[in-house]
Amino acid sequence: MTVIIAFVANVLVAVAKSVAAFLTGSASMVAEAAHSWADAGNEIFLLIADRRSSKEKDDRHPLGYGREAWVWSLFAAVGIFTAGAVVSVMHGVSELTNPEPVESPAIAYIVLAVSFVLEGISFTQALRQSRASARKRELSTVRFVLTSSNATLRAVFLEDFAALTGLVIAAVSIFTHQVTGDAIYDAIGSILIGVLLGIVALILINQSRRFLVGANSTPALRNAVGHALLNSPDIERVTYLHLEFIGPERLYLVAAVDLAGDAAESTVAERLRRIERSIEEHDGIETAILSLSVNDEASLEFAPAE
């Protein structure tokens with residue numbers, strides 16, 4: 001729902017900004033129009049990411065299709081960089097050499113105000129979802145957004161934040177142009193919007209890259225999973241624990257454990273499989289693989305649960 005709201009808002013805003021850019025000749029409005037069209041196109045990538053990453057695992061993909069989310073989110077981030085940042089900066093530089101006055105600035109202000117409301121609605125939805133998820137993990141909203149494995153939520157949140165910031169930059173640039181009579185400020189506004197989009201795009205690209213190459217869990221999550229394993233009546237010790245994100249909020253768990261008691265080998269195998277299935281019932285665990293610890297292996301230490 002968050003992505004759909006963002007898509008509808010961006011399409012409406014992109015049309016309005018394009019008309020305003022044509023009527024006013026403002027470089028900042030051209031940059032904002034390019035920004036919104038890029039965002040609208042990127043929402044399609046994010047919708048594909050959500051759809052493809054939610055497919056059930058099969059023989060060809062035993063760990064599921066979760067990584068599809070980061071692939072398509074990477075495409076979306078590159079789209080922001082090329083269609084948004086590069087176009088905005090290039091147009092702004094072009095206008096610096098041949099600045100043109102903004103015609104009918106009132107039209108630009110009206111469109112910017114309406115755009116701010118629409119983008120604000122989309123951002124509020126993303127902010128509400130991010131806060132709820134961050135609260136569950138006892139993290140700040142910003143930290144959760146920047147580190148979360150949920151690529152689509154991060155993309156919508158940062159895109160909407162950049163959109164609201166860009167609207168303010170455009171309004172200030174046009175206003176400064178009006179006050180000073182110098183059109184160079186409008187061109188500078190276009191460049192600043194492009195730089196802003198470039199920063200957001202690089203953050204999104206880096207995070208998608210990090211998860212695609214196999215990002216491990218955070219220390220806090222590792223600690224929580226370790227305690228959950230030790231709280232099982234079947235497990236006495238944990239000597240090895242590997243947690244890797246294989247999709248948005250989906251983990252691949254591999255652990256070496258020392259089972260309680262001294263049962264026969266066939267019984268132990270059955271117990272391991274039962275414990276694995278029990279672990280996989282957790283919403284955040286896609287696949288769990290357990291093996292037996294060797295007696296001389298040191299037990300892992302986990303920080304006390306808060």
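Modeller: Of the elements lining the largest cavity, α6 gives the largest share, with four residues. This is a predicted model: local features need pLDDT of at least 70, side-chain atom pairs count only at pLDDT 80 or more, and totals for chains, interfaces and linings use all residues. Residues are numbered from 1 along each chain as its sequence is written, and side-chain values use heavy atoms, with hydrogens and water left out.

Biologist: Which residues line the largest cavity?

Modeller: S73, A76, A77, A151, R154, A155, E159, L204, Q207 and S208 line the largest cavity. A lining residue has an atom within 4 Å of a point.

Biologist: Now the pocket. Why is it called a pocket and not a cavity?

Modeller: A pocket is an open set of points, with protein on both sides within 12 Å along at least five of seven lines. The largest pocket has a volume of about 1,300 Å³. Its lining has 38 residues, and R137, A220, L221, A224 and V225 are the closest to its centre. Two or more lining residues come from each of α5 (141–147), α8 (219–230), β2 (250–259) and α9 (265–280). Helix α8 gives the most, nine residues. By class, the pocket lining has 18 nonpolar, 10 polar and 10 charged residues.

Biologist: How many helices and strands does the chain have?

Modeller: Nine helices and three strands. Both are DSSP runs numbered from the N terminus: helices are H or I, at least four residues, and strands are E, at least two. Along the sequence the pattern is α-α-α-α-α-α-α-α-β-β-α-β.

Biologist: Why is the chain called more spread out than a compact globule?

Modeller: Set the value against the rule. The radius of gyration, taken over C-alpha atoms, is 25 Å, well over the 19 Å that the globule rule gives for 306 residues, so the chain is more spread out than a compact globule. That rule is 2.2 Å times the number of residues to the power 0.38. The C-alpha trace spans about 85 × 40 × 30 Å along its principal axes.

Biologist: How much of the chain is buried?

Modeller: Buried residues make up 47% of the 306. Buried means under 20% relative accessible area, exposed over 50%, partly exposed in between (1.4 Å probe, protein chains only).

Biologist: Then why is E138 called exposed?

Modeller: Its relative accessible area is 66%, so E138 counts as exposed. E138 lies in the loop between α4 and α5. Its phi is positive, about 55 degrees, although E138 is not a glycine.

Biologist: And what makes S104 partly exposed?

Modeller: Its value is 41%, so S104 falls in the partly exposed class. S104 sits in the loop between α3 and α4 (105–136). S104 also has a positive phi, about 50 degrees, without being a glycine.

Methods
1 Å grid on protein atoms, 1.4 Å probe; cavity = no way out; pocket = protein on both sides within 12 Å on 5 of 7 lines; lining within 4 Å. Points joined across faces, edges and corners; volume = space filled by probe spheres on them. Nonpolar A, V, L, I, M, F, W, Y, C, P; charged D, E, K, R; others polar.
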